[in-house]
Amino acid sequence: MHEVGITMTVLETVLTTLNDYKQNKATDVYLRVGQLRGIEPEVMRFCWETVSKDTVAEGACLHIDLVPAKGFCEGCRCVFDASDLMFVCPQCDGGNVKTHQGNELVLDRVVMTEPEAHIAQVGVI
């Protein structure tokens, strides 16, 4: 269950962001997570509730946007759906394929409320 370690890293980043903005409460945390990370959203939400307990992020809603896997064929320059985890180009049957998307782990934003509402754009974790 690698979600625990990843969630702890997300929490550390959220707490640092709150401190940087001199805020003391987060209400929403938005993540973009690539399919290739193998993260189960419900497991990660459970981990979030556990690791954020007794912190200024406790009670913040964790929103997870799953990014589907896509491949890129070096041979014919085709970008294709790789959700089935088959990295063979469907256009030319080439195997010289790289990951185009689906490996992301991005903390998109943190919504804060105290003393007035702020939204921090964060970035890659």
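Me: What do the buried residues of H2 pack against?
Reply: They pack against helix H1 (3-20), strand S1 (26-34) and strand S2 (61-67). Contact here means heavy atoms within 4.5 Å. Helices (H or I, at least four residues) and strands (E, at least two) are DSSP runs, numbered from the N terminus. This is a predicted model, where local features need pLDDT of at least 70, side-chain atom pairs count only at pLDDT 80 or more, and totals for chains, interfaces and linings use all residues. Residues are numbered from 1 along each chain as its sequence is written, and side-chain values use heavy atoms, without hydrogens and water.

Me: Which residues of helix H2 are buried?
Reply: In H2 (residues 41-51), they are Pro41, Met44, Cys47 and Trp48. What puts them on the same side of H2 is an arc of only 120° around the axis. The arc is taken from the directions from the helix axis to the C-beta atoms. Glu42, Phe46 and Glu49 are exposed on the other side of H2.

Me: Why is Cys92 called partly exposed?
Reply: Buried means under 20% relative accessible area, exposed over 50%, partly exposed in between (1.4 Å probe, protein chains only). Cys92 has 39% relative accessibility, so Cys92 counts as partly exposed. Cys61, at 36%, therefore counts as partly exposed too.
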